[in-house]
Amino acid sequence: MRICFVSRGTLNTFWDDYGGSDADILFFGFQGLGEVSYEKELRGETGYFEDAAILSKENHNVVVCGCVTDTRGVKRKSAVVAENGRLLGVSDMLNAIDGDFKSGAGLRVYETRVGRLGIAVAEDLYFPEILRTLSVCGSDLILCPFGIISDSTESVLLRAGAFSYGVTMCLCGAGYSQIADVSGATMFASPDSPVEFSFDKKQEYHLIETRRRGFYKAPRRDF
C-alpha cells in the first residue's frame, strides 16, 4: 500500500501544483479543506466535498481529508472520505476537549478497494476506546487527521495504539506525518509535504486469556 501525505496546503493547491497522486490513499490534514458549511454545500454555494470526490476519481484512489464542519454555527472536527468519485461519508471527532468544537457521534469503518479504513479524528487519538473499537470492527488501517502536534504525546499514543490493538496507524498533522506499525515502532515520519511512503498492511492477532470475578451462571435444572 502506498500513501501520499499532504500536511501543508489545501486540496486544490495540491491538485493544481502536482496534479494529484497515483498513491492508493491521498491523506490530507485539516488544512486540506479548511472550514466547510453544510448549509452552503447543500445550497451549492461551495463544493468542498465534491472537490474531494473528483480528486479521488481523477487519481483512481481513496481521498481522506480533515476539515472543520459547520452546522448552523455548531462546529466539529471531521474527516471526509471519498473513493473513485464517490463521497463515502464524513466522520466526526467524538470527544471534544475544553474547546470551541462540539463532539460528533458514531464511529465508522469504511469499506474501500484498498481495505477497511478506520477514521479517528484529531483528539480521538487520546482515547484508547476509540482505537480499540475501530480495531475490533475490523480496520485494516487507522487514519488520524490531526491539527498542530503539540509535543511527543501524539507520536507516543499513535505507536501505543498500533501496538495495543494490532493495526497500523497513520497520522497527518500540520506539517508532520507519521506511520506506526503493529510492533509499536515508528515506521515512517516526515515534516515534508507532499510525501509518499509504501508499506505492507499487517494485522496482529493473539489469544488473550484473563481471569476475573463475576459472570456467574447458576447450573441449569431440568424441568
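Modeller: This is a predicted model. Its six-stranded open sheet has the strand order 7-8-9-10-11-12, and the pairing is mixed. Strand 7 (109-112) and strand 12 (186-190) are the edge strands, each pairing on one side only. On average, neighbouring strands of this sheet are turned by 20 degrees against each other, direction ignored.

Colleague: In what sense do strand 8 and strand 9 pair, and over how many bridges?

Modeller: The general idea is that strands of a sheet pair through backbone hydrogen bonds, either parallel or antiparallel. Here strand 8 and strand 9 pair in the parallel sense, over three bridges. Leu117 has Leu141 in strand 9 as its bridge partner.

Colleague: How many bridges join strand 9 to strand 10?

Modeller: Five bridges join strand 9 (residues 141-145) to strand 10 (residues 168-173), and these two run parallel. Leu141 stands opposite Thr168 in strand 10. Helix 4 packs on the sheet, where it touches strand 7, strand 8 (115-119), strand 9 and strand 10. The direction of helix 4 makes about 145 degrees with that of strand 9.

Colleague: Which residues of strand 9 point one way, and which the other way?

Modeller: In a regular strand the side chains alternate between the two faces of the sheet. In strand 9, Leu141, Leu143 and Pro145 point one way, while Ile142 and Cys144 point the other way. Strand 9 is mostly covered, with five of its five residues buried.

Colleague: Where is Ile149 found, and why does Ile149 count as partly exposed?

Modeller: Ile149 is in the loop between strand 9 and helix 5. Residues under 20% relative accessible area are called buried and those over 50% exposed. Ile149 counts as partly exposed because its relative accessibility is 22%. Leaving aside residues up to four places away in sequence, Ile149 touches Glu154, Leu171, Gly173 and Tyr176. Ile149 and Tyr176 are 27 residues apart in sequence, yet 7.7 Å apart in space, C-alpha to C-alpha.

Colleague: What volume does the largest pocket have?

Modeller: The largest pocket has a volume of about 390 Å³. It is lined by 15 residues, of which Ser164, Tyr165, Gly166, Glu204 and Tyr205 are the closest to its centre. Helix 4 (128-136) and helix 5 (153-165) each supply at least two residues of that lining.

Colleague: How many residues of the lining are nonpolar, polar and charged?

Modeller: The lining of the largest pocket divides into seven nonpolar, six polar and two charged residues.

Definitions and conventions. Residues numbered from 1 in each chain as written. Predicted model: local features only at pLDDT ≥ 70, side-chain atom pairs only at ≥ 80, totals over all residues. Heavy atoms only, no water. 1 Å grid on protein atoms, 1.4 Å probe; cavity = no way out; pocket = protein on both sides within 12 Å on 5 of 7 lines; lining within 4 Å. Points joined across faces, edges and corners; volume = space filled by probe spheres on them. Helix = DSSP H or I, 4+ residues; strand = E, 2+ residues; numbered from the N terminus. Nonpolar A, V, L, I, M, F, W, Y, C, P; charged D, E, K, R; others polar. Pairing = 2+ DSSP bridges. Axes fitted to C-alpha atoms, helices over the stretch in contact; angles between N-to-C directions. Contact = heavy atoms within 4.5 Å. Buried < 20%, exposed > 50% of the residue type's maximum accessible area, 1.4 Å probe, protein only.
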